[in-house]
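Subject: Structure handover

Hello,

Here is the structure for your files. My notes on what was found in it follow below.

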Amino acid sequence: MLQFTSATRAEDGSTVTLGWATGETARFHAIWLRDNAQDAETRDPGNGQRLIALRDIPVDTTVSDVSAEGAQLSITFAPENKTVTFDAAWLLGHRYDVGGKTQSGWTADTVETWDSDLMTGIPVGDFSAVSKDRDALKDWLFGVRRYGFGKLVNGPIEEGALTKVVDLFGYVRETNYGKFFEVRTEVNPTNLAYTGLGLQAHTDNPYRDPVPTVQVLYCLENSAEGGENMVVDGFRCAEVLRTENPRGFELLSKYCARFEYAGGDGVCLRSRRPMIELAPDGEMIGVRFNNRSSAPIVDVPFDDMADYYAAYRRLGEIIDDPAMEVTFKLSPGESFIVDNTRVLHARKGYSGEGSRWLQGCYADKDGLNSTLAAMELQSAEAAQ
Ligand code: FE2
């Protein structure tokens with residue numbers, strides 16, 4: 001069990017400095033430690049929810065005494081004269097004295113960006129295995145969280161089967177397109193309108209706020225020539241742009257684009273969000289790219305508009321670069337899932353005899369991440 005090696009308090013009691021047997025050290029503020037006390041008066045032992053608000057903690061809270069013994073830290077807070085204990089591993093895992101991220105557009109540890117090299121490492125799950133076996137589901141969801149994309153094979157060939165994919169981790173998000181929608185074009189060589197033109201890689205429904213964060217596309221028929229699906233990692237494309245043109249990256253993340261869909265009766269969806277979305281601390285958290293749904297961009301200052309358009313054009317070229325794409329052809333009963341805030345999808349053109357019928361639906365990433373995190377927690381507890 002992880003042990004402490006040292007625990008000292010600042011003279012004024014505002015902070016403590018801890019050392020662990022791993023060689024790491026970190027400082028903590030008295031108010032942070034008091035707020036995160038794990039005792040039964042601070043947190044409900046059952047559900048772990050906090051029972052007090054910050055206003056219940058004195059503003060002049062300091063550490064009056066601290067001592068470490070083995071894996072346990074004992075801290076007394078003044079003026080409450082309250083003593084609580086902390087676990088060494090818990091504090092090491094929650095330390096924040098680690099220096100800030102300096103690069104704009106950094107990505108979370110759970111994320112790995114990719115290009116066409118992922119072709120050999122696509123997370124593929126077997127439908128019946130992930131439906132019955134929790135470890136198989138956990139492995140597949142882990143890959144989907146990591147790459148923002150995954151395939152499922154050997155699923156049932158029946159209408160609506162795509163909702164069973166969503167049932168594995170969450171809930172269908174119903175929209176004005178229904179619970180799910182048809183992506184179907186009967187191929188008719190005599191009609192050029194139905195030759196199945198390719199679609200540029202895009203994220204779906206950028207005109208919604210919030211966007212659907214997960215999309216599932218499920219194949220029921222695919223006997224036409226061509227019609228491959230293609231996915232591109234929007235995060236990797238943004239990273240490439242950042243390397244080539246840091247100012248262009250900054251412009252696409254700093255200013256909002258606009259998206260709109262007003263195609264149906266009673267529907268007028270509009271959003272105002274950047275093409276590359278960053279959290280306040282610079283974490284890359286979303287990419288929106290969809291030429292068909294772009295509305296006039298009016299939130300970029302006149303002096304920056306020419307450079308903004310140059311960056312927008314270049315991002316599109318990077319997205320279109322075959323070196324960035326992973327291509328695959330779905331067979332009936334196969335499906336794929338994308339993180340619609342990150343991974344763009346496209347369809348290659350198709351023609352000839354036969355038919356192509358996919359069904360699509362939306363769901364949300366919070367359910368997927370929650371299902372995976374709960375399984376990971378369970379595995380970690382079982383390993384202890
Ligand atoms: Fe789409």
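Phenylalanine 4 stands opposite tryptophan 20 in E2. The model is predicted, so to speak of local features a pLDDT of at least 70 is needed, side-chain atom pairs count only at pLDDT 80 or more, and totals for chains, interfaces and linings use all residues. Residues are numbered from 1 along each chain as its sequence is written, and side-chain values use heavy atoms, with hydrogens and water left out.

Element names follow DSSP runs numbered from the N terminus: helices are H or I runs of at least four residues, strands are E runs of at least two. Strand E2 covers residues 15–20 and runs antiparallel to E1, to which five bridges join it. Strands count as paired if DSSP finds at least two bridges between them. E1, E2 and E3 form, in that order, an open sheet of three strands with antiparallel pairing. E1 (4–9) and E3 (25–29) are the edge strands; each has a single partner, so one side of each has no neighbour in the sheet. From one strand to the next the twist averages 20°.

**The iron site**

Which protein atoms are donors of the iron ion? They are His202 (NE2), Asp204 (OD) and His345 (NE2), at 2.1 to 2.2 Å from the ion. A donor here is an N, O or S atom within 2.8 Å of the metal (3.2 Å for Na, K and Ca); water is not among the atoms, so a site may look incomplete. The spacing of the donor residues in sequence is H-x1-D-x140-H. Histidine 202 is in strand E10 (residues 199–202) and histidine 345 in strand E21 (residues 343–347), so that the pair, 143 residues apart, links distant parts of the chain.

Are the two histidines buried or exposed? Histidine 202 is buried at 4% relative accessible area, and histidine 345 is buried at 6%. Buried means under 20% relative accessible area, exposed over 50%, and partly exposed in between (1.4 Å probe, protein chains only).

**Two packed helices**

Helix H7 (residues 246–254) packs against helix H8 (residues 302–320) at an angle of about 100°, and their axes are 9 Å apart. Axes are lines fitted to C-alpha atoms, for helices over the stretch in contact, and angles between N-to-C directions run from 0 to 180 degrees. H7 and H8 are therefore roughly perpendicular (65 to 115 degrees; under 35 is roughly parallel, over 145 roughly antiparallel, the rest oblique).

From H7, Arg247, Gly248, Leu251 and Leu252 meet Asp304, Asp307, Tyr308, Ala311, Tyr312 and Leu315 of H8; contact means heavy atoms within 4.5 Å. By class, this contact has six nonpolar, one polar and three charged residues. Ala, Val, Leu, Ile, Met, Phe, Trp, Tyr, Cys and Pro count as nonpolar, Asp, Glu, Lys and Arg as charged, and the others, Gly among them, as polar.

**Backbone points to check**

Most residues other than glycine have a negative phi, and most peptide bonds are trans. The loop between strand E5 (72–78) and strand E6 (82–87) holds proline 79, which a cis peptide bond joins to alanine 78, with omega about 0°. Asparagine 81 lies in the loop between E5 and E6; its phi is positive, about 55°, and it is exposed at 65% relative accessible area.

The peptide bond from aspartate 209 to proline 210 is also cis, with omega near 5°.

Regards
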